[in-house]
Amino acid sequence: MLRAKRPSRMKDMQAVSLPFWIRKGYEGMTFFGHIITHSKAEAERFNNRHDALKNHEMIHLYQARSTHDSWMCFYWKYFLFWLKARCYRKHLRNAGYLLNPFEMEAYEHMHNLDYLADKENGATEWRHYAEMSLKERLECYKALYFSLCD
């Protein structure tokens, strides 16, 4: 953790299998420049293919670049957004996660594999979501989710 490379010095993130570190229902988690997975097979998939799930985690790398190029700053802001959004858990299960501006940007663009091509200094769309109220984020989440489900 203290020896983690700055996000701007990383081109890719390697996946590792640490099954006790990740909750069920999640396929991957970015942690200080690594992607944590449930199994070695999943880690190999992340390492050998660039698909939507890998793109989702790579967006988090670029978001860390946009938070003063610091993993600590990224995780601190992530935690504060998560804590604030938890009050909406009556309206949405896992609201702290799903209404987090970092996750909203990552989910919106995870299927666009070219999204990060011009983002050398970081992905910054999360700032747009951070300016929204939680109610607006909930409406935006519903619109995104239902448009993907149609």
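Let's start with a definition. A disulfide here is a pair of cysteine sulfur atoms within 2.5 Å. Keep that cut-off in mind. And please remember that this is a predicted model.

So, how many disulfides does a search of the whole structure find? The count is 0. Take Cys87. Which cysteine has the sulfur closest to that of Cys87? It is Cys140, and the two sulfurs are 17 Å apart. The cut-off is 2.5 Å, so at 17 Å the pair is too far apart for a bond. As for Cys140, its relative accessible area is 25%. That makes Cys140 partly exposed.

On to the charged pairs. The count of salt bridges is 6. I'll walk through some of them.

Start with Asp69 and Arg6. Their side chains meet in a salt bridge, at 3.7 Å from N to O. Where do the two partners sit? Asp69 is in the loop between helix 2 (52-66) and helix 3 (71-85). Arg6 is in the segment before strand 1 (14-17). So this pair ties together parts that lie 63 residues apart in sequence. Arg6 is partly exposed, at 40%.

Next, Arg45. One of its partners is Glu27. The closest N and O atoms of that salt bridge are 3.5 Å apart. Arg45 belongs to helix 1, residues 40-48. Glu27 lies in the loop between strand 1 and strand 2 (29-31). So here the pair ties together parts 18 residues apart in sequence. Both ends are partly exposed: Arg45 has a relative accessible area of 23%, and Glu27 comes in at 38%.

Stay on Arg45. Its side chain also meets that of Asp51 in a salt bridge, with 3.9 Å from N to O. Buried or exposed, which is Asp51? Asp51 is buried, with a relative accessible area of 16%.

Now put those pieces together. Which residues are linked in a network of salt bridges? They are Glu27, Arg45, Arg49 and Asp51. Find Arg45 on your screen, and you can trace its salt bridges to Glu27 and to Asp51.

To recap: 0 disulfides, 6 salt bridges, and a network that includes Arg45 and Arg49. Thanks. Over to you.

How values were computed
Residues are numbered from 1 along each chain as its sequence is written. This is a predicted model: local features need pLDDT of at least 70, side-chain atom pairs count only at pLDDT 80 or more; totals for chains, interfaces and linings use all residues. Side-chain values use heavy atoms; hydrogens and water are left out. A salt bridge is a side-chain nitrogen of Lys or Arg within 4 Å of a carboxyl oxygen of Asp or Glu. Helices (H or I, at least four residues) and strands (E, at least two) are DSSP runs, numbered from the N terminus. Buried means under 20% relative accessible area, exposed over 50%, partly exposed in between (1.4 Å probe, protein chains only).
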